[in-house]
Amino acid sequence: MAANGNAEFSFAKHGSARNGLSKIQTQKNGICHDDSAPPVKAQTIDELHSLQRKKSAPTTPIKGTEGAFAALSEEERQKQQLQSISASLASLTRETGPKLVKGDPARKSETAKGHAVHHHYHAPTISVSDSSLKFTHVLYNLSPAELYEQAIKYEKGSFITSTGALATLSGAKTGRSPRDKRVVRDETTEDDLWWGKGSPNIEMDEHTFMVNRERAVDYLNSLDKVFVNDQFLNWDPENRIKVRIVSARAYHSLFMHNMCIRPSPEELENFGTPDFTIYNAGQFPCNRYTHYMTSSTSIDINLSRREMVILGTQYAGEMKKGLFSVMHYLMPKRQILSLHSGCNMGKDGDVALFFGLSGTGKTTLSTDHNRYLIGDDEHCWSDNGVSNIEGGCYAKCIDLAREKEPDIWNAIIFGTVLENVVFDEHTREVDYTDKSVTENTRAAYPIEYIPNAKIPCVGPHPKNVILLACDAFGVLPPVSKLSLAQTMYHFISGYTALVAGTEDGIKEPQATFSACFGAAFIMLHPTKYAAMLAEKMQKHGATGWLVNTGWSGGRYGQGNRIKLPYTRKIIDAIHSGQLLNATYKRTEVFGLEIPIEIDGVPSEILDPINTWSDKKAYKDTLLQLGGLFKKNFETFTNYKIGKDNKLTDEILAAGPNF
């Protein structure tokens with residue numbers, strides 16, 4: 001050992017160490033060096049761990065006096081942030097908000113140095129609660145890595161998959177609960193919102209909302225820690241909305257981190273007071289003895305207070321779609337049209353909107369590697385053009401395959417939330433065909449995980465508005481050019497046809513209508529959105545198209561599904577402008593304009609009657625579908641818009657005529 005020139009000890013040849021091992025002999029100084037590196041600066045394990053994590057500091061300069069937190073020291077800024085959060089969590093029956101301190105309660109030595117705040121809210125004092133005597137730790141805008149740690153440590157059912165995504169469980173609810181979603185009916189919403197038959201807006205009163213809000217706030221304040229996200233909606237900087245999400249689970253915080261627009265450090269420093277706040281107490285049920293409550297679940301929106309309360313469901317999609325409903329109210333107030341659609345843009349700047357219900361191919365057709373993706377689900381159309389509302393994508397995962405959906409497959413990496421999927425307990429490889437938990441398995445990931453995403457997610461005014469229908473009756477043409485009135489009619493109808501099993505086991509088409517292709521989320525009457533759509537299309541020269549991705553040559557079970565390559569050729573012809581110059585003829589009943597020919601598409605399939613061998617069966621089925629459209633539209637005929645009801649008459653005239 002001494003031969004290496006550095007050793008300060010040697011093995012004794014005749015040592016009497018136990019088990020026959022040689023005894024280590026040290027030099028006079030008594031120090032045994034195991035390497036030549038200098039020792040660490042820490043004196044304890046805790047100090048060593050504190051050295052491992054470098055404190056984050058603002059990476060952008062603080063500007064002058066703009067913004068609520070500008071021109072402040074870091075200490076003062078953090079104090080004001082906590083005061084703002086305490087105000088959000090304040091009980092309205094007590095004088096103060098909760099005592100808050102930043103940081104993880106598991107790291108008590110660090111958080112003890114934080115700045116505690118206690119927001120005073122002037123309201124009648126009822127009593128001092130236990131929660132007012134304790135500190136609630138705020139985990140504020142944590143990074144995905146930090147949220148992974150929180151989920152893995154504290155949330156049962158959280159695992160890292162083989163590709164690095166975070167697999168989570170949403171509890172008993174694996175989908176939205178539309179019958180438990182309520183909106184406060186008050187002076188603000190009485191005349192603005194769509195109430196009554198056909199409306200998704202189930203009413204509740206202000207008092208009941210406050211009861212549920214108090215229940216949610218008390219639950220959140222009773223916890224040792226809460227997660228707080230301050231983020232944005234709408235990529236249009238002139239019309240973005242500041243949202244605050246207070247939740248109890250790392251899963252919910254990471255989900256919203258991905259789905260909302262993530263602020264830059266400078267934007268976060270100047271965030272100030274949110275425009276809208278979500279209180280997600282989904283692990284705690286509502287009180288079923290409370291007025292209006294029909295189950296242990298309640299999702300409540302108060303547009304006057306700009307607040308949303310979630311009780312009794314941990315399904316994260318309630319937050320996403322709840323905010324979408326809010327945007328369907330706030331944006332039209334600014335003369336901005338909110339849309340449940342996909343959106344992409346060609347390299348020449350031509351923008352297309354894609355509307356369609358589940359199974360129509362909206363995701364498949366709006367995802368085009370030759371075009372930029374602006375967004376996959378929620379958009380606004382303002383005087384500035386189109387903008388994505390969200391900062392992420394929420395994709396279905398059932399039967400996901402790399403060959404069919406490579407972009408979604410490749411996006412399921414570190415940072416992505418995988419909801420309710422099943423995976424191998426050893427390899428952690430996900431089996432996307434397994435429906436053991438639910439068929440509604442989902443992936444939530446930032447939009448920048450898609451290679452051809454356009455960042456920022458904005459574009460010029462659309463040139464084409466494409467309405468997709470999967471017609472299992474087999475009587476709608478593969479493509480039709482629509483007039484403005486027809487576009488409004490089919491937009492309000494929101495038609496597709498699904499295949500459903502009947503009692504005797506025979507499968508037959510079932511017509512499905514969803515107003516504005518998103519009836520569950522709209523706040524105003526559908527004709528208001530349709531009128532705004534028509535106005536913007538007329539102003540900016542956009543063309544409406546109805547594209548059938550369903551059956552041809554007969555209804556389901558008799559005909560065949562229109563081949564995807566043909567539909568892609570049709571969409572390409574719309575994008576290129578080829579169909580604007582095509583020759584058209586008019587169909588019976590629906591009065592649709594259909595092209596005579598399209599490059600790469602067999603001409604005989606362009607008119608459905610050509611593909612049916614039984615012409616009488618075709619006409620009978622066409623009349624059957626026309627009748628279903630008329631019956632569905634009866635819900636909207638009593639609502640009058642436009643001067644002298646002219647606009648309503650125009651829309652009705654654009655429907656089936658027989």
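**Entry: the sheet**

I looked up an open sheet of five strands, ordered β6-β7-β22-β25-β21, with mixed pairing. Helices (H or I, at least four residues) and strands (E, at least two) are DSSP runs numbered from the N terminus, and two strands pair if DSSP finds at least two bridges between them. The model is predicted, so I note its limits: local features need pLDDT of at least 70, side-chain atom pairs count only at pLDDT 80 or more, and totals for chains, interfaces and linings use all residues. Residues are numbered from 1 along each chain as its sequence is written, and side-chain values use heavy atoms, with hydrogens and water left out.

β6 runs antiparallel to β7 (residues 166-168), and two bridges join them. Phe-159 stands opposite Ala-167 in β7. Helix α6 (residues 250-259) packs on this sheet and touches β7, β21, β22 (417-419) and β25 (442-446); contact means heavy atoms within 4.5 Å. The direction of α6 makes about 120° with that of β22. For such angles, axes are lines fitted to C-alpha atoms, for helices over the stretch in contact, and the angles run from 0 to 180 degrees between N-to-C directions.

**Entry: helix α14**

I checked the length of α14 (residues 615-633): its 19 residues at 1.5 Å each should span 27 Å, and the end C-alpha atoms are 27 Å apart, which agrees. The expected span is 1.5 Å times one less than the number of residues.

Next I listed the buried residues of α14, among them Tyr-618, Leu-622, Leu-625 and Phe-629. The face turned away carries the exposed Lys-616 and Lys-631. Buried means under 20% relative accessible area, exposed over 50% and partly exposed in between (1.4 Å probe, protein chains only).

**Entry: two single residues**

I found Leu-580 in the loop between α13 (564-576) and β34 (584-586). Leu-580 counts as partly exposed because its relative accessibility is 44%. Beyond neighbours within four places in sequence, Leu-580 is in contact with Thr-543 and Trp-545.

I found Gln-486 in helix α11 (residues 484-493). Its relative accessibility is 7%, so Gln-486 counts as buried. Setting aside neighbours within four places in sequence, I noted its contacts, including Phe-590, Leu-592 and Ala-654.
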